[in-house]
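Hi,

Here's the structure I promised to pass along. Have a look at it first, then read my notes below.

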Amino acid sequence: MNSIRNICNTKSVSKKRKYLIKILIIFILLYIIITNSLSIMIVKGTSMEPTIMQGTILVINKFGNSEKEIKVNHVYLCTIDERPSIKRVIAQGGDLVEFKQGYIYVNNIKVRKLEVIHDSSFILENDKFYMLGDNLASSVDSRMIGPIDKNSIHGQVIYALGKR
């Protein structure tokens, strides 16, 4: 009788162990997927205010860095002066960017008011993006450093969790 109980207990323990191993494998796979595709960042600075406030927790999708996935008017994590920055894409490779009469135009469409010292225009090279902060007064962006290379854009902001 005891040996029958031992066999039953062994089978039960074996099933539980297999189940726990499966759950552990699922969690490990989820961890690998999440850590390689998503990033969490706390905003330091005011260059995107009032859209994204200082202290806001952002979820960044690290995928989406091919040219077709980088979209105008979306907000991305990029590197500017070797520092992570959050900026909005306003123009992409092939677009005509013009500064005239106090405004920036993209493909002859008025995008926003800017302090323009002199009128100028250029066509963005392929794999280059013109990125601005929403708060121009405190933003270091393409106005100062020029177009951003595609390789300097690391992911799209997909969710803002509010101020911490």
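**Salt bridges and a few other things**

Arg143 and Asp141 pair up through their side chains in a salt bridge, at 2.8 Å from N to O. Keep in mind that this is a predicted model. Are the two partners buried or exposed? Asp141 is buried, because its relative accessibility is 0% and the cut-off for buried is under 20%. Arg143 has a relative accessible area of 29%, so it counts as partly exposed.

In general, side chains of opposite charge can pair when their charged atoms come close.

Another one of them joins Asp134 and Arg88, at 2.8 Å (N to O). This pair ties together distant parts of the chain, 46 residues apart: Asp134 is in the loop between strand 9 and helix 2, while Arg88 is in strand 4. Both Asp134 and Arg88 are buried.

Then there's Glu98 with Lys100, at 3.9 Å (N to O). Glu98 is buried, at 13% relative accessible area, whereas Lys100 is partly exposed at 27%.

Asp134 also shows up among the contacts of Glu49, along with Gln54 and Asn135, once neighbours within four places in sequence are set aside. Glu49 sits in the loop between strand 1 and strand 2, and its side chain reaches the backbone nitrogen of Gln54 at 3.2 Å.

Leu24 belongs to helix 1, residues 2–37.

Cheers

How values were computed
Residues numbered from 1 in each chain as written. Predicted model: local features only at pLDDT ≥ 70, side-chain atom pairs only at ≥ 80, totals over all residues. Heavy atoms only, no water. Helix = DSSP H or I, 4+ residues; strand = E, 2+ residues; numbered from the N terminus. Polar contact = N/O pair within 3.5 Å; in protein donor to acceptor, adjacent residues only side chain to side chain. Contact = heavy atoms within 4.5 Å. Salt bridge = Lys/Arg side-chain N within 4 Å of Asp/Glu carboxyl O. Buried < 20%, exposed > 50% of the residue type's maximum accessible area, 1.4 Å probe, protein only.
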